[in-house]
Amino acid sequence: MSVSDKEREEIEKSSAPLIEHLIELRRRLIWSLGGFFVAFLVCFFFAKRLFNLLVIPFKWATQWAGLDPHKVELIYTAPQEFFFTQVKLAMFGGMVIAFPLIATQIYKFIAPGLYKNERSAFLPFLIASPILFLMGASLVYFFFTPMVMWFFLAMQQVGTNDQVQISLLPKVSEYLSLIMTLIFSFGLVFQLPVVTSLLTRVGLLSSQALAEKRKWAIVLSFVVAAVLTPPDPMSQCGLAIPTIILYEVAIWSSRMIERAQARDRLAREQAANSAASNTPDASSS
């Protein structure tokens, strides 16, 4: 079978009536929403335990500040505030837990419309994306959140005859919003190598273009960090510096992909030339 026949066969397999696509889309949406709903219920049942787990970085920060971690206190000023905080936490946790299922359903929906080589190229990035997100979230949880909270705790003021007592008493909703924003920001930034590698593989981006835009990327990293993080220099630098490092990783991965594509093209050309050179011999014999 010639190459054109194989391509025609893949196109015929990927083609389907519109009603079949809609039925398939509905089924994938039901699985995705069902998985999210189950994960939401589980996270809401354990919402208080999950919140106490997220408070652990705050306790580490109190130790760094020389305070008693057993006296960490958070407050809520509206009767419904902590309830909606638990709902928000359950939604965030449900989305994180259900993301592998949702990503799998998305892949299964679009995979029939892709060529075999495109499916094999897309699958590794589908696996790498949640891993990189967890790496960014781990950096936030184990290092960045304690560092930010230590910075804020250092602003407290001890009451004396000349000055009033100023203590940090975070609201549960504001603390959750802070740590969720940081996790989302770092998780999103850690997707940079995945996005650039995909764009390079499909030919929409090149390592040379990334290298030429390095100066602009550094400036943009600090601008994005200023928008996504709390308004303090430590938070902004803490997000901007990893972004710049990941940008360099993206340049390196793009170069590796381009070299692999060049080797594949060279191998195909050599195979085609070899086949062309053997054709006259076969016909003469």
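Author: Buried means under 20% relative accessible area, exposed means over 50%, and partly exposed lies in between (1.4 Å probe, protein chains only). The model is predicted, so local features need pLDDT of at least 70 and side-chain atom pairs need 80 or more, while totals for chains, interfaces and linings use all residues. Residues are numbered from 1 along each chain, and side-chain values use heavy atoms, without hydrogens or water.

The position is Gln 191. Gln 191 sits in the loop between H6 and helix H7 (192-201). Helices here are DSSP runs of H or I, at least four residues long; strands are E runs of at least two; numbering starts at the N terminus. Is Gln 191 buried or exposed? Gln 191 is buried, because its relative accessible area is 12%.

What does Gln 191 touch? Its contacts (heavy atoms within 4.5 Å) are Ser 129, Leu 132 and Phe 133, leaving out residues up to four places away in sequence.

The chain has 10 helices and zero strands. Read along the sequence, the pattern is α-α-α-α-α-α-α-α-α-α. Of its 285 residues, 31% are buried. Take the contacts with a separation of 6 or more: 78% of them join residues 24 or more positions apart.

Next, the core. A nonpolar core is a set of buried Ala, Val, Leu, Ile, Met, Phe, Trp, Tyr and Cys residues joined through side-chain atoms within 4.5 Å. The largest one has 34 residues, and Phe 51, Tyr 175 and Leu 176 have the most contacts inside it. At least two residues of this core come from each of helix H3 (47-64), helix H4 (81-110), helix H5 (116-153), helix H6 (172-189) and helix H10 (233-284). H5 gives the most, with 11 residues. Leu 176 touches Phe 51, Leu 54, Thr 85, Lys 88 and Leu 89, again without residues up to four places away. In soluble globular proteins, nonpolar side chains tend to be buried together.

Leu 239 is in helix H10. Leu 239 counts as buried because its relative accessibility is 1%. Beyond four places in sequence, Leu 239 touches Phe 144, Ser 185, Phe 186, Val 189, Ala 225, Leu 228 and Thr 229. Leu 239 and Thr 229 are 10 residues apart in sequence, and their C-alpha atoms are 7.7 Å apart. Ala 111 lies in the loop between H4 and H5. Ala 111 is buried too, because its relative accessible area is 9%. From Ala 111 to Phe 122 is 11 residues in sequence and 9.0 Å in space, C-alpha to C-alpha.

Last, the charges. Side chains of opposite charge can pair when their charged atoms come close. The structure holds four salt bridges, each a side-chain nitrogen of Lys or Arg within 4 Å of a carboxyl oxygen of Asp or Glu.

One joins Lys 171 and Glu 81 at 4.0 Å, N to O. This pair links distant parts of the chain: Lys 171 is in the loop between H5 and H6, Glu 81 is in helix H4, and they are 90 residues apart. Glu 81 is buried at 9% relative accessible area; Lys 171 is partly exposed at 24%.

Arg 27 pairs with Glu 24, with the closest N and O atoms 2.5 Å apart. Both lie in helix H2, three residues apart, about one turn of the helix. Arg 27 is partly exposed, because its relative accessibility is 42%. Glu 24 is buried at 18%.

Arg 214 and Glu 248 meet at 2.7 Å, N to O. This pair also links distant parts of the chain: Arg 214 is in helix H9 (residues 214-228), Glu 248 is in helix H10, and 34 residues separate them. Arg 214 is partly exposed at 29% relative accessible area, and Glu 248 is partly exposed at 32%. Elsewhere, salt bridges that share partners join Glu 24, Arg 27 and Arg 28 into one network.
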